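User: Hi! Could you walk me through the side-chain packing in this one?
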Amino acid sequence: APATYPAPPQNVGSPPFSILVALFEKLQVERRQERRKRLIDSWFNHWREEKGYDLYPVLRLMLPQKDRERAVYGLKEKNLAKAYIKLIPLGMKDPDAIRLLNWKKPTDRDRSSGDFPTVLYEVVSKRSSVIEGSLTVDDLNELLDELAKNMGNKDVQSRVLQRVYNRSTPDEQRWIVRVILKDMQISVKETTIFAVFHPDAQDLYNTCSDLKKVAWELWDPSYRLNAADKAVQLFHAFAPMLCKRPTKKIEDTVKQMQGSNFFIEEKLDGERMQLHRRGNEYFYCSRKGKDYTYLYGKHIGAGSLTPFIDDAFDSRIDDIILDGEMLVWDPVSERNLPFGTLKTAALDRSKKEHNPRPCFKVFDLLHLNGQSLIHRSTEFRKKNLRACLSEIPGRIEFTAEYRGTTAGDIRSRMDEIMANRGEGLVIKHPASKYVLNGRNMDWIKVKPEYMDNLGETVDVLVVAGNYGSGKRGGGVSTLICAVLDDRIIGETENDLDEAKYSSFVRIGTGLSFADYVWIRSKPWKPWDPKNPPEFLQISKRGTEDKGDVYLEPEDSFLVKVKAAEVVPSDLYHLGFTMRFPRAIQIRDDLTVADCACANDVLVSMRTERKR
Ligand code: ATP
C-alpha cells in the first residue's frame, strides 16, 4: 500500500487575494515559458516562507478546473450576469444589464465582447468604489465554498456574490469570476503549475485526480514518491491512457507498431469509464474523474449496472480495476449506442417504457489482487483480463479485438467495422505499458480514410423510419432520408407545400441514445404500403426506402450525414445512395427549406468522379 505522508503544518494567517491577482496579471503578459515558471516558483517559495507549506488554498484558485471539492457552482455566464444585475442593482433595460446578458454578441462599441470576465469588469468598474480589496485567499475560498454549497439557490448565491462585490476591486472580481467559470486564461498549462509545485505532482494527480491529495501529500518539496505511489489505486480516479490522433496514412500507423503483431480494436463511441471493485464494493468514474457510482451502483443491490455484472468476475478476484467505455443498450433497436447528453434522464429507472440499460465494454485490466499492472505489457494485461472476467451479453462485454501486422489487415477490419456501423479502430502495440494520462504512439486511433476530407456531407430530410429488429416499444431505429427533388421543374418551384422529395439514403449510425429519445417523440404516422406518403417518391425495387412509419416534412428535421462516397443504386428513387453513411448531427438549427437538393448531390458527385 502507498505510504501516507503527514499533512502539511497549518499556515500562519492568510494573505490578501490581491497578491495572487498580481501574479495572475504578470503571468498573463509574460510570453516566455521559462520566465513564467520562475514567476510561479518564486511566488510559491515566498508563500512557503511567509505563510507555510500548505499551498492547497492557492492551487485550487490557480487550477479551478481540477478542484473536485467545488465541482459545480451552477453559475455559467448567464446566471452570473443575472446575479450581478440583481446585486448592483441594474434595471433590466439598463444598457449595461443588456451587455452582461449578451456578453457574447460583438457590437461596434464593445471591444471586449466575447469574454464575460472582461465585460463584467467594465460594468463593475464604472460603479464600484472599492479601491483596495479586503478579501484574503482564505476568505475567497470560504465564499466559493458557500457558492458551491448553495448551487441552485439563486438568492443565497446572489448574497455571496454581493460580499465579493463589496469587498473586492473590479480587477479582483474579474479574476474571481474566472475562477468560478473555471477558465483562468493565464496561459500556463496545468502541467507547468504541477511541475513547479513538485516534481511528482503530475504523476500523483494522474493516479487520483485529487488536487487536495496532491497538495497535501507533496507539500514538502524534498519528499519524493516511489514507484508504488505512482500506480493506479483502488477507489481513486486515475487519468486514463488516451489515443494518438490518426496518422496521415494508415501505413504510418503500422510503422509505429515496429513490426509487431499489433492489436486492432474497435473504437467505441461511448463514455470512457473505469470500474474499481473490492469485495462487494464498486466504484465507477469518468475520464475527468467524475464519480458515476450513484448511477451504476455501489453494490449488488443498487444502480443500473452493478446488480447485473457481479457474476462476471472470477471468484478468485479480491480487487480489480477495469478500463473501458460505457455504452447504452437500446432495447428498441437492440444495439449499443453512445449516451448523448441526457445521461441521467436516460438512465432513470422509473421511466420503464424505454428501459435502456448501460453496457460496459472492457478493453483493459490495470490492477488485480493488490498488484498494479500498468507497467506490464498490453498483451499481458489483455490475457489476464480474459482470465478474470466472463462476458454477460448486453451488460459487460469485451471490446471487439483482432490481431494484425499490415495496413491491409487494418483496412479490411475497417471495412468490416464500418459495415457493422462502427466508428473506427484503435491500434495498440502489444508491448506497450499503460501510461496514465498519456497520449503516445502506442495507442493510435484510425478513422476511415474518407472521414477526413474526401467524404461527402449532406443535410438530408428525415422522411420515414423503420423499427428495430426488436419491434418493441414502437420505436424507430433506422431513418430513411430524402433530398428535395429539384429535377421536377414547373409550377411547384419555390412552393415547399407541394415539394416532392426523392428517397436517397438510410442511416442507423452516429446517433446517440438521447437523440433517439428525441426522435421517437416526433409525431410519426403509420406507413401504408399501398398508399405511401404523397410528398415522397420511392424506388420501384426493394425495401430500403419503405418505412414502417413516416413523418410529414413540417414535423420533421434535417440530419447531417457523412459517407464514404455516393454510388449508383436502384434501391432509392434518386438513383444514387451513400456508402457507409453516418449521422454526424441533428440539424435543429436548420429548417426543412435548407434540405439538400437532388441536383446538388448529383453535381457534387460528378465533380468528385472527375478528380
Ligand atoms: P480524445 O478522447 O482522444 O481526446 P476525442 O474526444 O475526439 O479525442 P474520439 O476520437 O471520438 O474522441 O475517441 C477517442 C477516445 O475514445 C479515446 O481517447 C478513448 O478515450 C476512447 N476509446 C474508444 N474506444 C477505445 C478503445 N478500444 N481503446 C482505447 N480507447 C478507446
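Analyst: Happy to, starting with a definition: a charge sits over a ring if NZ of Lys or CZ of Arg is within 6 Å of the ring centre and within 35 degrees of the ring normal. Keep in mind that this is a predicted model.

User: Got it. So what does the charged end of arginine 174 sit over?
Analyst: The ring of tyrosine 121, with the charged end 4.1 Å from the ring's centre. Likewise, arginine 376 places its charged end over the ring of phenylalanine 380, 3.9 Å from the centre.

User: Nice. How many aromatic pairs are there in the whole structure?
Analyst: The search finds 21. Take tyrosine 53 and tryptophan 219: their ring centres are 5.4 Å apart and the planes are at 70 degrees, so this is an edge-to-face pair.

User: Which parts does that pair tie together?
Analyst: Tyrosine 53 is in the loop between helix H2 (33–50) and helix H3 (56–62), while tryptophan 219 is in the loop between helix H12 (211–217) and helix H13 (250–256), so the pair joins parts 166 residues apart in sequence.

User: Is tryptophan 219 buried or exposed?
Analyst: Buried, at 14% relative accessibility. Tyrosine 53 has 32%, so it counts as partly exposed.

User: Switching topic: which residues touch the most other members in the largest nonpolar core?
Analyst: Phe44, Tyr84 and Leu100, in a core of 71 residues. Leaving out residues up to four places away in sequence, the contacts of phenylalanine 44 include Leu55, Met62, Ile193 and Phe197. There is also a second, separate core of 57 residues, with Phe339, Leu385, Phe398 and Val566 among them.

Technical notes
Residues are numbered from 1 along each chain as its sequence is written. This is a predicted model: local features need pLDDT of at least 70, side-chain atom pairs count only at pLDDT 80 or more; totals for chains, interfaces and linings use all residues. Side-chain values use heavy atoms; hydrogens and water are left out. A nonpolar core is a set of buried Ala, Val, Leu, Ile, Met, Phe, Trp, Tyr and Cys residues joined through side-chain atoms within 4.5 Å. Buried means under 20% relative accessible area, exposed over 50%, partly exposed in between (1.4 Å probe, protein chains only). Contact means heavy atoms within 4.5 Å. Rings of Phe, Tyr and Trp (its six-membered ring) pair if their centres lie within 6.5 Å; planes under 30 degrees apart count as stacked, over 60 as edge-to-face and the rest as tilted. Helices (H or I, at least four residues) and strands (E, at least two) are DSSP runs, numbered from the N terminus.
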